[in-house]
Amino acid sequence: MPPILPDPIARAIEAFGRMPGIGPKSSQRLAFHLLRQPRAVAEALSQAVLDLKDLIVECTTCFNLGANDPCAICADVSRDRSTICVVEAPLDVIALEKLGAYRGLYHVLHGSFSPMDGVLEDDLRVADLVQRVRAGGIAEVIVATNATVEGEATANLVRARLQWDETVRVSRLAQGLPIGSDIEYADDYTLTRAFQNRTKL
Ligand SMILES: [Zn+2]
């Protein structure tokens, strides 16, 4: 950062630059854009960021993020409580909920198994999933991890950890999701098809 920049601007640029997908050019543009906005815009933005930290909690059942614990999905008695769909991230829940085709519960792992990147089994919510299944009443676990190498490794890990229970069907979203793709970005048609044609894992 050129030293000519006043410190508050430099700090804002640095803060924006730490966000995913925001390069140096974009972070500068954001900082200068905000400078030109009325104070109310800056206040609303900072309040929204703080509210994210203060008002959003992790559901202690499915580990999805929401305004309450249990989350709205776990608390919804009309949902099928015998099916758990396992996803990597909260955004995947949103993508699947948008389809409206799935009426079961979720389990958010918060990452994918990737020892090369230092993400080990204990960094994911796998043991919590096993505990949920052990508690009983689960007929099917649908593994909807991404169609990436890490997503496949995660699916295999989940399968291995649930192997002891032969009464629970463990399935995986059908191929058709492009290899290397994130659930979050899949189009509705592809995702619905992958869901309907899920295969035994
Ligand atoms: Zn929940």
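Tyr102 and Tyr106 are both buried in this predicted model. The two rings form an edge-to-face aromatic pair. Their centres lie 5.2 Å apart, with 70 degrees between the planes. A search of the whole structure finds 1 aromatic pair.

**Overall build and confidence**

- The protein has 201 residues, and 37% of them are buried.
- Its secondary structure comprises 8 helices and 7 strands.
- The C-alpha trace spans about 65 × 35 × 35 Å along its principal axes.
- Among contacts with a separation of 6 or more, 57% join residues 24 or more positions apart.
- Mean pLDDT is 91, and 95% of the residues reach 70 or more.
- Strand β4 has the highest mean pLDDT of the elements, at 98. Helix α8 (residues 188-196) has the lowest, at 76.
- Where pLDDT is low, predicted coordinates should not be read in detail.

**Zinc site**

- Four cysteines supply the protein donors of the zinc ion: Cys59, Cys62, Cys71 and Cys74, each through SG. These donors lie 2.3 Å from the ion.
- The arrangement is tetrahedral because the 4 donor atoms subtend angles of 103 to 117 degrees around the zinc ion.
- Along the chain, the donors follow the spacing C-x2-C-x8-C-x2-C.
- Cys59 lies in the loop between β1 (57-58) and β2 (65-66), and Cys74 in helix α4 (residues 72-75), so the pair ties together parts that are 15 residues apart in sequence.
- Cys59 and Cys74 are both buried.

- In soluble globular proteins, nonpolar side chains tend to be buried together.

- Pro90, Asp92, Val93, Ala95 and Leu96 are buried in α5.
- The cover over the buried residues of α5 includes β2, α4, β3, β4 and α8.
- Just after α5, Gly100 takes a positive phi of about 75 degrees.

**Backbone exceptions**

- Most residues other than glycine have a negative phi, and most peptide bonds are trans.
- Asp69 and Pro70 are joined by a cis peptide bond, with omega about 0 degrees. Pro70 sits in the loop between β2 and α4.
- Phe63 has a positive phi, near 70 degrees. This residue is found in the loop between β1 and β2.
- Phe63 counts as buried because its relative accessibility is 7%, and buried means under 20%.
- His110 also has a positive phi, near 65 degrees. Its place is the loop between β4 and α6.
- His110 is partly exposed, with a relative accessible area of 29%.

**Glu121**

- Glu121 is placed in the loop between β4 (105-108) and α6 (126-134).
- At 23% relative accessibility, Glu121 counts as partly exposed.
- Leaving aside neighbours within four places in sequence, Glu121 is in contact with Phe113, Val126, Leu157 and Arg161.
- Glu121 and Glu166 are separated by 45 residues in sequence. In space they are 22 Å apart, C-alpha to C-alpha.

Note on methods: Residues are numbered from 1 along each chain as its sequence is written. This is a predicted model: local features need pLDDT of at least 70, side-chain atom pairs count only at pLDDT 80 or more; totals for chains, interfaces and linings use all residues. Side-chain values use heavy atoms; hydrogens and water are left out. Helices (H or I, at least four residues) and strands (E, at least two) are DSSP runs, numbered from the N terminus. Buried means under 20% relative accessible area, exposed over 50%, partly exposed in between (1.4 Å probe, protein chains only). Contact means heavy atoms within 4.5 Å. Donors are N, O and S atoms within 2.8 Å of the metal (3.2 Å for Na, K and Ca); water is not among the atoms, so sites may look incomplete. Four donors count as tetrahedral if all angles lie between 85 and 135 degrees; four count as square planar and six as octahedral if opposite donors are over 155 degrees apart and all others between 65 and 115; anything else is irregular. pLDDT is the predictor's confidence in each residue, from 0 to 100. Rings of Phe, Tyr and Trp (its six-membered ring) pair if their centres lie within 6.5 Å; planes under 30 degrees apart count as stacked, over 60 as edge-to-face and the rest as tilted.
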